[in-house]
Amino acid sequence: MSLRTLRGLIPIALVIVLWQLFGNQDSITTPPPSAWWTSFQQIEQSGALWPALATSLKLFVLGLLIATVLGVLLGAALGSSRRLSRALNPLFEFIRATPAAAIVPAALVLFQANSKTEIGIIVYGSIWPILLNTAAARAAVPSMRLEMARCLRLSAWDRLRKVVLPSLLPEIVVGIRVAVPVCLIVTLLVDFLVATGGMGYLLVQYQQSFQVSSAFALLATIGVVGVLLNLVIGMAEKAILRRRPA
């Protein structure tokens, strides 16, 4: 864990400590953090925590993976053609501006609640940073670099592998990093709107049954998962860019 990340966690830790010290120990609506830990242990012992976490992480990973593949392919195609970009950009901007929550009812009516619909909603919500970053990077690839590849008589595959992809890689990685928190939020949204049995669904169940300390315990768990995911993506970003040819 980097020093920058640790510094970023200091305000959160300070709020939790102050909450524990000065909060109302008997409060029903704002229980102290010590009550969260007790509730977390109860949730874990009940066997509800790990299946819910596994369900959410499965949806998250599949959604992010598909969003990455589609975003890179569509973004590269969009950035390589000015005509295509001018034709599709207004449509993409309109679709991008529509929140994922707004399409959930329509998606459920059209496709019913199943795993494909859930993953499709997650992909819809998280693809845009990757697609737009890739398109911008592809449009910015110097024409001289591509012309040199043609002069060297590189095959289409070699041009893609040795010239285009290394040029796009930094922006693709940045797009993925931006998409990760969006993907996590949309996954939780799908959890409780579609009742997948994931962390979002479990959180709403505790909220509706007025088990507030359990809801706070799950919120804290989701926050820790988000921090860990960000750290993993950050380490992957550094490793990928370090190995990228100059």
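Author: Let's start with a polar contact, meaning a pair of N or O atoms within 3.5 Å; within protein, one must be able to donate a hydrogen and the other to accept it, and residues adjacent in sequence count only if both atoms are side-chain atoms. Here, the side chains of S213 and S39 are joined by one of 2.7 Å. This is a predicted model, where local features need pLDDT of at least 70, side-chain atom pairs count only at pLDDT 80 or more, and totals for chains, interfaces and linings use all residues. Residues are numbered from 1 along each chain as its sequence is written, and side-chain values use heavy atoms, leaving out hydrogens and water.

Reader: Is S213 buried or exposed?
Author: Buried means under 20% relative accessible area, exposed over 50%, and partly exposed in between (1.4 Å probe, protein chains only). S213 counts as buried because its relative accessible area is 19%.

Reader: Which residues does S213 touch?
Author: Contact means heavy atoms within 4.5 Å. Not counting residues up to four places away in sequence, S213 touches P31, A35, W36 and S39.

Reader: Where does S213 lie?
Author: Helices are DSSP runs (H or I, at least four residues), numbered from the N terminus. S213 lies in helix α11.

Reader: Which element gives the largest share of the lining of the largest pocket?
Author: The largest share, eight residues, comes from α11.

Methods. Helices (H or I, at least four residues) and strands (E, at least two) are DSSP runs, numbered from the N terminus.
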